Amino acid sequence: MSVDLVRSYLRDRSLPHFFCPGCGAAQVLNYFVRAADNVGLDFDRLVAIGGVGCTARIPVYLDADALHGIHGRTLAWATGIKLHNPELEVVIFAGDGDIAAIGGNHLIHAARRNLNVTVIVVNNLNFGMTGGQVAPTTPAHLKTMTTPYGNVEPPFDLCELAETAGATFVSRWTTATARQGIRALEGALKHEGFSLVEFVAQCPTNFGRRALRSGDPVDGVRWIADHSVARSKSGGAEDKTSEDALFVLGDFVNKRRPVFQGSSLLDTERRSA
Amino acid sequence: MNQTGGRVLEGKHFMLGNHAVVEGALAAGCDFFAGYPITPANEISERMASRMPEVGGRFVQGEDELFSIFALSGASLAGAKAMTATASAGFNYMQEGLGYAVAAEIPLVVVDVQRCRGENYATQADVMQMRWGASGDHEMIVLAPSSVQELFDLTVRAFNLAERYRTPVIIMSETTIALMRENLTIPGADDIEVVHRVTPSVPREEFLPFAAPVDGTPPFAVLGTGYRVLHSLNPHDERGSISWDPDVFKTMYERILGKITRNRDDIVETEAVLLEDAEIVVVAYGSTSRPALEAVYRAREKGIRAGLLRLITVWPVPDREIAAAAENARVVLSVEMNVGKYSGEVERCVAGRCPVKRVTKNRGEIHTSEEVLAAIEGVTR
């Protein structure tokens, strides 16, 4: 990230950041700042939300209003904020544990309601902060701290989950596809409705060392790239069952439907009038 | 459902307790409600769903109680006066959000309509969970209404205390009063004191979002007003920066706890009935204070010098009031509708000035005045 971008958008007294060398979450922070700069996001109107985990730390570094420190409740916070002041730009930074495990219920309901917020998921395929436990996103058979004989559970596909639940903007890229990822973030920030952009990301310290037997971030990025397939080539979900293609990349959903403004009908009618 | 459109339904009513809570909230300026269905709190959500749109507020029925309590935090940080209502089993889930609201200093109001036996039977069994349910260090303000009128009055007060001290306030309701209809007088809007949180008066460069005198409350920068504040559960310094320094942690909690404990005289409210010459002091809170009061009057008719100390604020503990009432008493009776929980606090405050006898009832039924009277007579002989 350029010095100018750091000075413009990061909370100076919060640096240096706490990410491990080679962490994918730090890359996504970089991508977000570039996307925000490209679309001219007003940081006085931005509320950045993080729960608990490595990714959840991203809002701490952004020079904006921020909520932080409770695991999984990011979308509940966001709903309260957006219902009271729809003019605020609410962006959630969530790890896969935060959004797919403890916060999974809030995710599907916020998507169903089409809450007008942006969710940026850094999916590092494990619980990185707590030492590398298995997550609902960990690919089958891989070893983690709590699956020493290999993961027996099938993983969630977060983009399919979000789409099925009702999200109106869904993309998946990786830390290795910066250009596409930044473009997807720009689209999500401009989108009116529930947007989710997932980045499959390397976690050299915990996922890398256990699942890939390498703590080298380059090995982690390469492994993700080797197991990714572009949506246009994949031909659908079936291809993912093959050994090599764990992650289908692309822009999956971009559509419009009414955004959530509260459970009361009279309320909704008045506000859309 | 009435569709008056007004925020303050001035006048005389014969109203359900749960509905009085809603009207109290609206009179206090509540403009955000999140809830999840649970008996016996449902009439609060039902009326809020109808009334909120009339006053330009937002109502949301969430996916669970965790949603409710955190939606409240979000809305309040965005400037709303926010409330939720639940019952004991749902109140369990809210502890995490209450802890966050204490640490991040977020005003909000939670109504717990206590229930037991897995249904809407009468109880006061959550009195300790209200105080101690959240993890970490905290003070909690808990108000115990004993009538439909007080469900209105204390809901207004709950919002005012939440706004003044930037902290969650719990209304300790009960099946007994929540599902009861009684006379209610709602004053005119001009006669209802409504407190609003103080907002910053200095520009961003000079603003320290978590700086305040040790007995004070920091000004509240509403989200999106350019102050760019970090609201974290993690220990934070006066600028809001996360810091793991033990001094920062200690200083932060001394201030957050201190703003309640040092202002206890403003927060603590009790009612004394016939205490001046009382030999037998009955201490009660919430609905049980009603049979307790009747028992005291009946004891007086029999020539027994009994009196009642009714705790309107249950937490912080009215310690000095309990001690003063016990000063010249022969015995203190602690009446509560559970296995005997708050009685430990009463004993602590009486501190050996006289014996404390527990008059507990844990059957899902409120005490009768005969039962309390029998307890009074039992210690008279």
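Strand β2 (residues 65–68) of chain A pairs in the parallel sense with β9 of chain B over 3 bridges, where two strands count as paired if DSSP finds at least two bridges between them, and where helices (H or I, at least four residues) and strands (E, at least two) are DSSP runs numbered from the N terminus. Within this pairing, A:L67 stands opposite B:H231 in β9(B). The model is a predicted one, in which local features need pLDDT of at least 70 and side-chain atom pairs count only at pLDDT 80 or more, while totals for chains, interfaces and linings use all residues. Residues are numbered from 1 along each chain as its sequence is written, and chains are lettered from A and ligands numbered from 1 in the order in which they are written.

The contact between the chains involves 39 residues of chain B and 34 residues of chain A, two residues being in contact if their C-beta atoms, placed from the backbone, lie within 7 Å. On the side of chain B that touches chain A, at least two residues are supplied by each of β2, α2, β3, α3, α5 (95–104) and β9 (230–232) of chain B, and the largest share, 9 residues, comes from α3(B). The residues of this side divide into 23 nonpolar, 10 polar and 6 charged, with Ala, Val, Leu, Ile, Met, Phe, Trp, Tyr, Cys and Pro counted as nonpolar, Asp, Glu, Lys and Arg as charged, and the others, Gly among them, as polar.

In chain B, 7 strands form an open sheet of mixed pairing, in the order β3-β2-β4-β5-β7-β6-β13. Because β3 (58–61) and β13 (313–315) of chain B stand at the edges with a single partner strand each, one side of each is left without a neighbour in the sheet. Inside the sheet, β2 (residues 32–35) and β4 (residues 82–87) of chain B pair in the parallel sense over 2 bridges, and B:F32 stands opposite B:A82 in β4(B).

Two helices of chain B lie across β2, β3, β4 and β5 of that chain: α2 (residues 42–54), which runs at about 140° to β3(B), and α3 (residues 65–77), which runs at about 165° to β4(B). For these angles, axes are lines fitted to C-alpha atoms, for helices over the stretch in contact, and the angles run from 0 to 180 degrees between N-to-C directions.
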